[in-house]
Amino acid sequence: MSAKSYSHQLDAKNRMRIPVKFREELGGEYTITIGAGGCLYVYSKEQMAEQKKLLENVNRFDEAQLKAARFILYNTWDAEEDKQGRILIPENLRKLAKIEKDVVVYKGPTCIEIWSEEVWQNYFNDVNFNSLASAYESLKNNG
């Protein structure tokens, strides 16, 4: 594994450690929430404040926006490290991310990500390099 990802396991109480390198980047307070592709996103306090600010712009008469905002906020957890540096992954988030035991903690493009190892491996099973090239080109054109 590269320095951008680490393998871990949940303990019997559904706790895990965020790697020290990532914890330093996150600071003392961080939040776990749902992510795209079947993972969980881990945001620093500042990053989560930005996300919540964005969600405040929801049109209260747009059901799709309201549902998205409610779902994200409902599935948000302020992580608290115990004395050994472990954090609990709550049941609702474990279920959404299909996390049972083995996890991959990955430094994604915008935040730290927590994946079920199985979901992580399956995510890359059908990589289409033409689609990747097209997505990469669209990123270059946006910048």
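Partly exposed means a relative accessible area between the 20% limit for buried and the 50% limit for exposed. E91, at 45% relative accessibility, therefore counts as partly exposed. The model is predicted. This briefing covers its salt bridges, nonpolar cores and aromatic pairs.

**Salt bridges**

- The structure holds 10 salt bridges.
- Side chains of opposite charge can pair when their charged atoms come close.
- D11 and R86 form one of these bridges, with 3.8 Å from N to O. D11 sits in the loop between strand 1 (5-9) and strand 2 (15-17), while R86 belongs to strand 6 (residues 86-88), so this pair ties together parts 75 residues apart in sequence.
- The D11 side is partly exposed, at 23% relative accessibility. R86 counts as buried, at 18%.
- D82 and R15 form another bridge, at 3.6 Å from N to O. This pair also links distant parts of the chain: D82 is in the loop between strand 5 (76-79) and strand 6, R15 is in strand 2, and 67 residues separate them.
- D82 is partly exposed, with a relative accessible area of 24%.
- E91 and K95 meet in a salt bridge at 3.2 Å, N to O. Both residues lie in helix 4 (residues 91-96), 4 residues apart, which is about one turn of the helix.
- K95 counts as exposed, at 59% relative accessibility.
- Shared partners join D11, R15, D82 and R86 into one network of salt bridges.

**Nonpolar cores**

- The largest nonpolar core has 20 residues. Those touching the most other members are M16, I18, I32, L40, I87, I89 and I114.
- Five elements each supply at least two residues of this core: helix 1 (20-26), strand 3 (30-34), strand 4 (40-44), strand 7 (102-107) and strand 8 (112-116).
- Strand 3 gives the largest share of this core, with 3 residues.
- Another core, of 9 residues, lies apart from the largest one. Among its members are Y41, V104, W115 and W120.
- M16 has contacts beyond its neighbours within four places in sequence. These partners are Q9, L10, G85, R86, I87, I89, V103, V105 and I114.

**Aromatic pairs**

- The count comes to 7 aromatic pairs.
- In the pair Y6 and F22, the ring centres are 5.3 Å apart and the planes stand at 80°, so the pair is edge-to-face. Y6 is in strand 1 and F22 in helix 1, so the pair links distant parts of the chain, 16 residues apart.
- F22 is buried, at 3% relative accessibility. Y6 is partly exposed, with a relative accessible area of 26%.
- Y123 and F124 also pair edge-to-face, because their planes stand at 90°, with ring centres 5.1 Å apart.
- Y123 is partly exposed, at 44% relative accessibility. F124 is partly exposed too, with a relative accessible area of 42%.
- Ring pairs join Y106, W115, W120, Y123 and F124 into a cluster. W115 and W120 are also among the members of the 9-residue core.

How values were computed. Residues are numbered from 1 along each chain as its sequence is written. This is a predicted model: local features need pLDDT of at least 70, side-chain atom pairs count only at pLDDT 80 or more; totals for chains, interfaces and linings use all residues. Side-chain values use heavy atoms; hydrogens and water are left out. A salt bridge is a side-chain nitrogen of Lys or Arg within 4 Å of a carboxyl oxygen of Asp or Glu. Buried means under 20% relative accessible area, exposed over 50%, partly exposed in between (1.4 Å probe, protein chains only). A nonpolar core is a set of buried Ala, Val, Leu, Ile, Met, Phe, Trp, Tyr and Cys residues joined through side-chain atoms within 4.5 Å. Contact means heavy atoms within 4.5 Å. Rings of Phe, Tyr and Trp (its six-membered ring) pair if their centres lie within 6.5 Å; planes under 30 degrees apart count as stacked, over 60 as edge-to-face and the rest as tilted.
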